[in-house]
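Please keep the sequence and the model in view while reading.

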Amino acid sequence: MSTLEVGQELASKSYPINRELLVAYANASGDQNPIHQNEEFAKSVGLPDVIAHGMLTMALAGKYVSDISGSAAVKEFSARFTKPVVVPAGVDVSLVISAKVTAAENGLAKLDISASVDDVKVLGMAKATISLA
Amino acid sequence: MLSPDIVGRTFPGADTTLVTAESIAAFAAVVGETNLDVAPPTYAISITLDQSQTLLQDSGLDWTRVVHGDQRFQIFRPIVAGDKLVCSSTIESARVMAGNEIVSVRSDLHSGPELVVSTWSTLVVRA
């Protein structure tokens with residue numbers, strides 16, 4: 001991990017999101033809000049379709065970070081939910097995540113994380129601090 | 001709307017959550033994580049958001065109109081199976097912008113006296 005350098009761009013990875021994953025995340029996290037599972041309900045509250053949990057998108061970004069540092073080395077992690085990830089039935093939506101190293105000193109590295117679907121950013125100000133130890 | 005007197009108050013958690021290996025495995029499986037020695041970085045939300053929801057609903061907030069604005073974690077050490085965590089939550093701010101109510105909640109997860117994870121959630125109640 002000591003090879004991270006400021007300015008370094010880390011390779012992007014893509015993560016498929018589908019309705020089955022939303023159900024799995026709802027069960028694992030306890031967030032059973034019907035806007036993430038029930039198309040009729042989602043539309044009744046003005047959404048275009050079922051949307052992914054913002055925290056699922058963030059959890060997948062967390063996996064991206066864990067793959068760099070290991071889960072145990074993640075010290076801080078933050079994000080804004082700027083756009084909903086719409087998940088139509090029967091479709092794998094591709095969440096694309098990449099990161100750039102913005103600091104690397106005193107045994108810690110900071111990452112700016114980019115997360116987008118169809119080239120539209122879905123997380124804003126997504127940042128992580130990881131231990132390089 | 002939340003009553004103004006709730007802002008700044010800390011609600012000590014009454015219940016202890018036992019972190020099971022199964023709950024870590026279920027959360028990890030969703031994101032494809034195979035290391036089950038520690039919980040994934042955002043696992044704490046499965047404890048803190050639920051307690052925030054209960055607290056805010058009890059305080060008069062319409063949860064069906066809530067969307068998640070932003071989220072932050074400070075992880076002092078990773079959560080592991082066997083942790084017995086108590087969640088205390090503080091309503092740090094509540095304000096109205098463009099008709100939407102914006103509520104910021106901090107939750108601290110303690111194992112005994114040890115602070116394990118702090119989370120900050122901004123929740124937007126759509127007008």
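A:Asp112 and A:Lys127 form a salt bridge, with their closest N and O atoms 3.0 Å apart. A salt bridge is defined here as a side-chain nitrogen of Lys or Arg within 4 Å of a carboxyl oxygen of Asp or Glu. Because A:Asp112 lies in strand E4 (residues 108-117) of chain A and A:Lys127 in strand E6 (residues 123-131) of chain A, the pair ties together parts that are 15 residues apart in sequence. Helices (H or I, at least four residues) and strands (E, at least two) are DSSP runs, numbered from the N terminus.

A:Asp112 is partly exposed, at a relative accessible area of 30%, and A:Lys127 is also partly exposed, at 34%. In these terms, buried means under 20% relative accessible area, exposed means over 50%, and partly exposed lies in between (1.4 Å probe, protein chains only).

## Basis of the model

This is a predicted model, in which local features need pLDDT of at least 70 and side-chain atom pairs count only at pLDDT 80 or more, while totals for chains, interfaces and linings use all residues. Residues are numbered from 1 along each chain as its sequence is written, chains are lettered from A and ligands numbered from 1 in the order in which they are written, and side-chain values use heavy atoms, with hydrogens and water left out.

## Further salt bridges

Over all chains, a search of the whole structure finds 9 salt bridges. One of them joins the side chains of A:Glu39 and A:Arg19, at 2.9 Å from N to O. This pair links distant parts of the chain, 20 residues apart: A:Glu39 is in helix H2 (residues 39-44) of chain A, and A:Arg19 is in helix H1 (residues 19-29) of chain A. A:Glu39 counts as partly exposed, at 29% relative accessibility, whereas A:Arg19 counts as buried, at 15%.

In chain B, the side chains of B:Asp83 and B:Arg77 meet in a salt bridge of 3.0 Å, N to O. B:Asp83 has a relative accessibility of 7% and therefore counts as buried. Salt bridges that share partners also join A:Arg19, A:Glu39, A:Lys43 and A:Asp49 into one network.

## Helix H1 of chain A

The buried residues of H1(A) are A:Arg19, A:Leu21, A:Leu22, A:Tyr25, A:Ala26, A:Ala28 and A:Ser29. Their cover includes strand E1 (9-17), H2 and H3 of chain A, together with H1 and helix H2 (45-58) of chain B.

At the N-terminal end, A:Asn18 caps H1(A), with a side-chain oxygen 3.2 Å from the backbone nitrogen of A:Glu20. Just after H1(A), A:Gly30 takes a positive phi of about 85 degrees.

## Helix H1 of chain B

In helix H1 (residues 21-31) of chain B, the residues B:Ile24, B:Phe27, B:Ala28, B:Val30 and B:Val31 are buried. They lie on the same side of H1(B), because they cover an arc of only 155 degrees around the axis. The arc is that of the directions from the helix axis to the C-beta atoms.

The face of H1(B) turned away from its buried side carries the exposed residues B:Glu22 and B:Ala29. The buried residues of H1(B) pack against H1 and helix H3 (54-69) of chain A. Just after H1(B), B:Gly32 takes a positive phi of about 80 degrees.

## A buried threonine

A:Thr57 is placed in helix H3 of chain A and counts as buried, at 3% relative accessibility. Leaving aside neighbours within four places in sequence, A:Thr57 is in contact (heavy atoms within 4.5 Å) with A:Ala52, A:Val85, A:Leu95, A:Val122 and A:Leu123.

Terms used:
A polar contact is a pair of N or O atoms within 3.5 Å; within protein, one must be able to donate a hydrogen and the other to accept it, and residues adjacent in sequence count only if both atoms are side-chain atoms.
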